[in-house]
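Biologist: Could we go through this model together? I should like to ask about a few contacts and the backbone.

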Amino acid sequence: MAPPSPFLSVFELGPQQSEHPVKLATKLTAAVLGVLLVGGGIAALLAAAIGLLRMGAKETAQELAGFCLPGILAPIGLGIGGWCLSKAWNQWGSAVAVFDRGFAVSRWEDVRPVPWEDVTAVWQATAKHSVRGVPTGIKHKYTVQLVDDTKYVWDDKYQDVETLGRVVQSKVSNLLYPKYSAALKAGSRLEFGPLALDYNKLYSRGKELPWDDVKSVKIQGGFLQIKKDNEWLRWASAGVPQIPNFFIFYALLKEFNLIE
């Protein structure tokens, strides 16, 4: 019988749409590795202690080194193993749930509801992986920042993280876009990590580019690339994972009819 959901107490965010706990395989891997390392550390510590007890006055340097090596390895195994067990413990009680009016995160009995209005930025990173030219899958990572600067990071340890990230991106972008668009039209300069824009120019690392001088803006290989008129080299380039609220930035660029 499955344990009850930790999100049953969340009522203020409306109906629950989905739940994304850490994958069982991830939790078991960390737990098993932790047990093995701690067990190995204890065994090495015992071996070192027994060796020292049996050590005589005429032991050679090589024999002494043989006794000392387990004593050196023991704290390493215990330290890394303890860290793995702590990580497994935290992962075992970690989950994210999406609701109509926000999301909630849990760590065991500690559950925090977060309305969509409390989210200020979302970053996303996806990377294709292959072995000897054969595709093996896509890795995902989503980072969410709140008004109090709290950050949550969700990656492929979580079940169906791509769906989770897509929903959060969509909800936050739809909520924030009208505010960004209004601020842009009011003359504000909007910051998006390494890039910025206002109603007159694009900005990148101390450089300015008037809109009339922009030749093209396109996405290629996970990078947003900006070219200037009459120049062969890129004027600026930034990785999509570096740009907070990328979809809002992308939509604002479309207002200037620059996206290829």
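Biologist: Which ring does the charged end of Arg189 sit over?

Modeller: The charged end of Arg189 sits over the ring of Tyr203, 4.0 Å from the ring centre. The criterion is that NZ of Lys or CZ of Arg lies within 6 Å of the ring centre and within 35 degrees of the ring normal. Lys207 has its charged end over the ring of Trp235, 4.9 Å from the centre.

Biologist: What should I know about the model itself?

Modeller: It is a predicted model, in which local features need pLDDT of at least 70 and side-chain atom pairs count only at pLDDT 80 or more, while totals for chains, interfaces and linings use all residues. Residues are numbered from 1 along each chain as its sequence is written, and side-chain values use heavy atoms, with hydrogens and water left out.

Biologist: How many aromatic pairs does the structure hold?

Modeller: There are 8 aromatic pairs. Rings of Phe, Tyr and Trp (its six-membered ring) pair if their centres lie within 6.5 Å; planes under 30 degrees apart are stacked, over 60 edge-to-face, and the rest tilted. The planes of Phe103 and Tyr152 stand at 90°, with the ring centres 6.3 Å apart, so this pair is edge-to-face. It links distant parts of the chain, since Phe103 is in strand 3 (residues 102-107) and Tyr152 in strand 7 (residues 151-155), 49 residues apart. Strands (E, at least two residues) and helices (H or I, at least four) are DSSP runs, numbered from the N terminus.

Biologist: Are Phe103 and Tyr152 buried or exposed?

Modeller: Both Phe103 and Tyr152 are buried. Buried means under 20% relative accessible area, exposed over 50%, and partly exposed in between (1.4 Å probe, protein chains only). Phe103 and Tyr152 also belong to one aromatic cluster with Trp116 and Trp154.

Biologist: Which residues have the most contacts inside the largest nonpolar core?

Modeller: They are Phe103, Trp154, Leu197, Leu202, Ile226 and Phe249, in a core of 44 residues. Helix 3 gives the most to this core, with 7 residues. Such a core is a set of buried Ala, Val, Leu, Ile, Met, Phe, Trp, Tyr and Cys residues joined through side-chain atoms within 4.5 Å. Another core, of 7 residues, lies apart from it and includes Phe7, Leu13, Ala97 and Ala104.

Biologist: Where is the kink in helix 3?

Modeller: The kink, of about 35°, lies at Leu176, shortly before the proline Pro178. The bend is the angle between axes fitted to the seven residues ending at a residue and the seven starting there.

Biologist: What span should helix 3 have?

Modeller: Helix 3 (residues 161-185) has 25 residues and should span 36 Å at 1.5 Å a residue; its end C-alpha atoms are 35 Å apart, which agrees. The expected value is 1.5 Å times one less than the number of residues. The buried residues of helix 3 include Val161, Val168, Leu176 and Leu184. Just after helix 3, Gly187 takes a positive phi of about 100°.

Biologist: Which residues other than glycine have a positive phi?

Modeller: Among them are Asp160 and Arg205, each with phi near 50°. Asp160 is found in the loop between strand 7 and helix 3, and counts as partly exposed at 46% relative accessibility. Arg205 lies in the loop between strand 10 (201-204) and strand 11 (207-210), and is exposed, with a relative accessible area of 56%.
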